[in-house]
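Open the model in your viewer and keep the sequence panel beside it. The stops below say what to select and what is there.

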Amino acid sequence: PSTPPTWTADGQAVYSVATQTGDQPLLRLAADGQPPVPVIDGSGLVGAFSLDAAHGRLAYLWGALDKPGEIWLREMADGETRLLADLNADWLADVDLGHTEEVWFTAADGYKLHGWITFPPDFDPTRQYPSILEIHGGPMGQYGRAFMHEFYYLAAQDYVVYWSNPRGGQGYGEDHLAAIAGQWGTVDYEDVMAWTDFMAAQPYVDPTRMGVTGGSYGGYMTTLIIGRTQRFKAAVAQRVVSNLLSFYGGSDLNGRRAESLVGMDAPPWEAFAAYWQQSPMSAIGNARTPTLIIHSEQDKRCPPEQGEQVFVALKLLGVATELILFPDEGHELSRNGRTDRRIARLNHILRWFDGYLK
């Protein structure tokens, strides 16, 4: 969860979280434009936060790669912090999460990119493992030093799971963020492929057993990938954006907000070719990768028809595919859907990858 920016007691600054190279610190941003001052930072992220009436104490959620969110308290006068509730300590002590390695790698044009690799428990470096590439949503989001239960779940099933922050996302400056404005599926696709190349070259990864998945913009990129390359043996495309022409009027981002998200300055009827060129459906005729499509029936951000278009196309092409529609769920199923449906979703993902990568 997140908290809107909050004014300081004297009205001279605001407290706000920010995304920075895989972390999410809480900053104090002065109204006079002085450089931001970290209030809570480190290797992890601040979620929701709140101040008492006198602004003498700050309560906040703090999460890290190996821990879900915990409740902490900060004394604002001296900066002392203490843990108030660590509800996950007992079960984390009994569970082997494997380990996660942080890496920087080079894109095709020499640009430096940031990624992480989660290894299975009891990882054996002499083996070659099947692997799963995870692609974040947004595109203006970022992956980082946060507890991602899905990654640990898949790693525990003997997969190497890897994820990165290609251009188009937050946390690495305005140029990084704006790199795909009006040109989704260009340098961002190249960055994802450079990451795939990096991982395929690792001795512990079997390059013939690579899978790919992602949701929202990650579902967009997964769908684009299956139309441009057959290097992945299986794909799971979730809450897909497949056709920017129909997405424009069907999403709850309709109109100007949809244009802003894609980085366009005109509606589709004035820039039909540009919208279509950036749409994964424009390349779907080349798809051969077995692809599971997961969508929620009440998704207003990425309407189910976006996934249905992909499903119908793959069926007509004779490509192995299934469409899973979750009732009564919206865009946030993977994060805050009903518990049994969240478990079902994970099991469908695992079932599909096990069927093609093992």
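Start with I117, M221 and I225: these residues have the most contacts inside the largest nonpolar core, which has 57 residues. A nonpolar core here is a set of buried Ala, Val, Leu, Ile, Met, Phe, Trp, Tyr and Cys residues joined through side-chain atoms within 4.5 Å. Buried means under 20% relative accessible area, exposed over 50%, and partly exposed in between, with a 1.4 Å probe and protein chains only. Next select helix α4, residues 187–200, which gives the most to this core, with 7 residues. Helices (H or I, at least four residues) and strands (E, at least two) are DSSP runs, numbered from the N terminus.

The model is predicted: local features need pLDDT of at least 70 and side-chain atom pairs count only at pLDDT 80 or more, while totals for chains, interfaces and linings use all residues. Residues are numbered from 1 along each chain as its sequence is written, and side-chain values use heavy atoms, with hydrogens and water left out.

Now go to M221. Leaving aside neighbours within four places in sequence, M221 is in contact (heavy atoms within 4.5 Å) with I135, D188, Y189 and V192. For a second, separate core, of 27 residues, select L65, F151, Y152 and L292, which are among its members.

Select helix α5, residues 217–228, next. Its 12 residues reach 16 Å from the first C-alpha to the last, close to the 16 Å expected at 1.5 Å a residue; the expected span is 1.5 Å times one less than the number of residues. How many residues of α5 are buried? The count is 11 of 12, and α5 is mostly covered. Show its surroundings: the buried residues of α5 pack against β11 (129–135), α4, β13 (205–216), β14 (234–240), β15 (291–296) and α9 (304–317).

Move to L253, in the loop between α6 (244–250) and α7 (256–262). L253 counts as buried because its relative accessibility is 10%. Not counting residues up to four places away in sequence, L253 touches F247, A258, L261 and R301. R301 is 48 residues apart from L253 along the chain, yet their C-alpha atoms are separated by 6.7 Å.

Finish at the open sheet, where 4 strands lie in the order β1-β2-β3-β4 with antiparallel pairing. Two strands pair if DSSP finds at least two bridges between them. β1 (6–7) and β4 (37–40) stand at the edges with a single partner strand each, so one side of each has no neighbour in the sheet. Strands β2 (residues 13–17) and β3 (residues 26–30) are joined by 5 bridges.
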